[in-house]
Amino acid sequence: MRLFVAVWPPPAVVEQLARLSRPVRPGLRWTTEDQWHVTVRFLGEVASVEVEGVKAALGRLGPGGRVGPVTATAGPALERLGPSVLSLPVAGLDEVAAAVSDLTAGYGQPVGDRPFRGHLTIARAARGVDPRPPVPVLFAATWEIAEVTLVASTLHPAGARYEVIARYRLSG
């Protein structure tokens, strides 16, 4: 099962994102509202027998657990992430990402040494296509994060399909 741990923007932020211009451009595929999330830890393929272990580990985040609710801040502008992703930076989730990584270190892909870089993926570009819009796109939003989710991801030609399989309230 392909898994990741994510936080989701609230409906008001999703509505704000949905109002961004999405012009048709060859080689650029815009993500959809049901795909807008911030991955705090990508686990990748996890054996079915280990899924309960992942759930139990994440359960230690909850009430009386390791991390309290945090504030996420998106913006100030869309930016290129790597060669092919147009993203919206999201700050404020470092503590959550570190706790999730610590708790789930024995599952899925190794955590690695790369620093966490919170973002929402807005569009993906084909090889050789610059995903950035011709003029800067400003965006700002702030919201409280009170839970993380364990998500199963199924790859699909039109974009991945996500199913939340468990929710975990943060302490506090």
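What share of the contacts in the protein with a separation of 6 or more comes from residues 24 or more positions apart? I began my entries with this question, and the value I found is 78%. I note at the outset that the model is a predicted one.

**Entry 1: elements**

I looked up the secondary structure and found three helices and ten strands in the protein. I then followed the elements from the N terminus and wrote down their order as β-α-β-β-α-β-β-β-α-β-β-β-β.

**Entry 2: overall dimensions**

I checked the radius of gyration against the rule for a compact globule. For 172 residues the rule gives a value near 16 Å, and the protein has 16 Å, so the two agree. I also recorded the box that the C-alpha atoms fill, which is roughly 45 × 30 × 30 Å along the principal axes.

**Entry 3: burial and surface**

I looked up how many residues are covered. Of the 172 residues, 44% count as buried; the cut-off for this word is under 20% relative accessible area. The protein exposes about 9100 Å², and I noted that carbon and sulfur atoms supply 55% of this area.

**Entry 4: charges**

I recorded 18 positive and 15 negative side chains in the protein. The centres of these two sets lie 6 Å apart.

**Entry 5: strand 1 and its partners**

I turned to strand 1, which comprises residues 2-7, and found it mostly covered, with five of its six residues buried. Which strands pair with strand 1? I found strand 3, residues 38-45, joined to strand 1 in the antiparallel sense over six bridges. Within this pairing, L3 stands opposite G44 of strand 3. I also found strand 9, residues 147-154, which pairs with strand 1 in the antiparallel sense over four bridges. Here the bridge partner of F4 is V151 in strand 9.

I then looked up a pairing of strand 8. Strand 4, residues 70-74, pairs with strand 8 in the antiparallel sense over five bridges.

Notes:
Residues numbered from 1 in each chain as written. Predicted model: local features only at pLDDT ≥ 70, side-chain atom pairs only at ≥ 80, totals over all residues. Heavy atoms only, no water. Helix = DSSP H or I, 4+ residues; strand = E, 2+ residues; numbered from the N terminus. Rg over C-alpha atoms; globule rule 2.2 N^0.38 Å. Buried < 20%, exposed > 50% of the residue type's maximum accessible area, 1.4 Å probe, protein only. Contact = heavy atoms within 4.5 Å. Areas by Shrake-Rupley, 256 points an atom, 1.4 Å probe, with all protein chains shown as cover. Lys, Arg positive; Asp, Glu negative; His and termini not counted. Charge placed at Lys NZ, Arg CZ, Asp CG, Glu CD. Pairing = 2+ DSSP bridges.
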